[in-house]
Amino acid sequence: MSRQYEKLEKCYAYYRSRTDFTPKVGLILGSGLGGYAANMQVETEIPYGDIPGFPVSTVKGHAGRFLLGYIGTVPAVAMKGRVHYYEGYAMEDVVLPVRLMKKMGIGILFLTNASGGINRAFSTGDFMMITDQISSFVPSPLIGENVSELGERFPDMTHIYDRELMEVIEKTAQEEEIELKRGVYLQTSGPNFESPAEIRMYAALGADAVGMSTACEAIAASHAGIRVCGVSCISNMASGISEEELSSLDVQAVADRRAGEFARLVTKSIEKM
Ligand code: HPA
């Protein structure tokens, strides 16, 4: 058994000591989007800090927890807060929560985040359905001994974002009359924002939005056979794209403006998945 799987088994044993709840869908709530939790019928909460060996965010106000309950009628687990690579955790620890949700029973992972818009057709506050990703600027979370209990050594990443789930999200957005952009998400290590030259490079490489999370989680989930989908909230236009100062970026304020539509898009999509 790989060392990482042993660690995972310990986390899972703790989880089972707390609840017999088996979620079908996992939802990671990105920066500013934690308020979505109010839309869930929560049965049990487990703070990350309670789980032995679990990575806990060092970012102020990010200290997170698992929320177990129902989204509509769908048994689900939501992560309020996630850890980021820039906090200093190894990639395999950054994705441990995703793997734990797999052990809990999820077959679908809905990823959300806040990101900087690179595509000039985007505006602050837009929702972008993630259609593909570029993770080449951060290490793969699969480096090291393969966790063969979860997946194979060389997993195919042709369809990381599940085509059927994308259709569900797109159709839901149409029905609900919520404007939805689509695009490629690029993950950087952070914690610094990008330089304008980096953003021009990322644009040339085909990225539509940039952020400091998500792609690694999508890889780990896909490796473990979880169907993945994702929606990004464009909290700002990326460095050099607009005059906006990133130093005064208020991700929460932007997300709050779209909170109602975000909640409808997520809930109604998940109900159809
Ligand atoms: N760059 C990187 N990550 C981000 C940004 C950005 O502009 N906005 C929100 N997360």
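**Ligand contacts and salt bridges**

Student: How far is a nitrogen atom of the ligand from an N or O atom in the side chain of asparagine 236?
Tutor: This is a predicted model, in which local features need pLDDT of at least 70, side-chain atom pairs count only at pLDDT 80 or more, and totals for chains, interfaces and linings use all residues. Residues are numbered from 1 along each chain as its sequence is written, and side-chain values use heavy atoms, with hydrogens and water left out. Between the ligand nitrogen and the side-chain N or O atom of asparagine 236, the distance is 2.7 Å.

Student: What percentage of the ligand's area does the protein bury?
Tutor: Accessible areas come from the Shrake-Rupley method with a 1.4 Å probe. Taken alone, the ligand exposes 260 Å². Of that area, the protein buries 93%.

Student: Which strand supplies the largest share of the shell around the ligand?
Tutor: Strands are DSSP runs (E, at least two residues), and helices are runs of H or I with at least four. Strand 8 (209–211) and strand 9 (227–237) are among those supplying at least two shell residues each. The largest share, three residues, comes from strand 5.

Student: Which residue forms a salt bridge with lysine 272?
Tutor: A salt bridge requires a side-chain nitrogen of Lys or Arg within 4 Å of a carboxyl oxygen of Asp or Glu. For lysine 272, the closest N and O atoms of the pair are 3.0 Å apart. Lysine 272 lies in the segment after helix 8 (259–271) and its partner in helix 4 (residues 163–175), so the pair ties together parts 97 residues apart in sequence. The partner is glutamate 175.

How values were computed. A polar contact is a pair of N or O atoms within 3.5 Å; within protein, one must be able to donate a hydrogen and the other to accept it, and residues adjacent in sequence count only if both atoms are side-chain atoms.
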